[in-house]
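Hello,

Here is the structure I promised to pass on. Please open it beside this email, and I will walk you through what turned up.

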Amino acid sequence: MTASGCVAFLKDYPRLFLGTSEEPRARAFAMKVRDFSELLDSNLAPPAPAHTRAWRVAYHPPCSLQHGQRVSGVVEEALLAAGFKLAPFAEQHLCCGSAGSYSLLQPALSEALRARKVQALKASGANVAVTGNIGCLAQLSGADALPIVHLAELLDYAAGGILPAPLKGLARENDPR
């Protein structure tokens with residue numbers, strides 16, 4: 001799956017069915033669920049197009065991936081293997097403020113976290129931000145923010161796919177795609 005928040009929830013199915021007759025099925029199902037990032041193999045990452053190798057990419061690791069699923073490092077390795085330059089930023093471990101229903105139930109706090117994260121991303125010197133969760137992607141989008149795309153979109157582009165719409169301004173005129 002390409003939404004780390006959904007993956008974290010589905011991997012937690014056994015707890016939801018604990019003590020019921022459905023627990024074994026829930027456990028079997030959860031064992032099959034994989035986050036997109038868990039399927040990445042930096043040895044197989046295609047090289048990024050020459051004109052994008054100068055792009056500095058700020059990777060925002062979703063809370064659901066880094067804290068919920070305890071997956072780390074594989075996305076950064078894949079981005080580096082594809083030829084992108086990583087732009088580390090302050091407080092990468094902090095939530096962007098999306099956090100599922102949290103952004104609806106705590107809008108002021110959610111917006112404060114968003115503003116803090118957007119500022120940190122911009123201060124990194126990155127050209128583009130990337131994440132693996134749709135909630136984070138929506139939360140960190142906007143006129144005041146860096147262009148942001150899903151990890152799968154950026155790696156697809158590196159492999160010869162189409163340029164994600166938010167990155168149109170970064171593409172050079174000689175890009176044949």
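Which residues of helix α3 (residues 23–32) are buried? They are E23, A26 and A30, where buried means under 20% relative accessible area and exposed over 50%, with partly exposed in between (1.4 Å probe, protein chains only). Helices (H or I, at least four residues) and strands (E, at least two) are DSSP runs, numbered from the N terminus.

Before going further, a note on the source: this is a predicted model, in which local features need pLDDT of at least 70 and side-chain atom pairs count only at pLDDT 80 or more, while totals for chains, interfaces and linings use all residues. Residues are numbered from 1 along each chain as its sequence is written, and side-chain values use heavy atoms, leaving out hydrogens and water.

Back to α3: P24, R25, M31 and K32 are exposed on the other side of the helix. The buried residues of α3 pack against α1 (4–11) and α2 (13–16), contact meaning heavy atoms within 4.5 Å.

Next, look at S110 in helix α7 (residues 107–123). S110 is buried, with a relative accessible area of 4%. Beyond its neighbours within four places in sequence, S110 is in contact with C96, G97, S98, Y102, S103 and Q139.

Leaving out residues up to four places away in sequence, V130 touches V57, A58, Y59, H60, L79, I148, V149, H150, L151 and L154.

Enjoy exploring, and write back with any questions.

Best wishes
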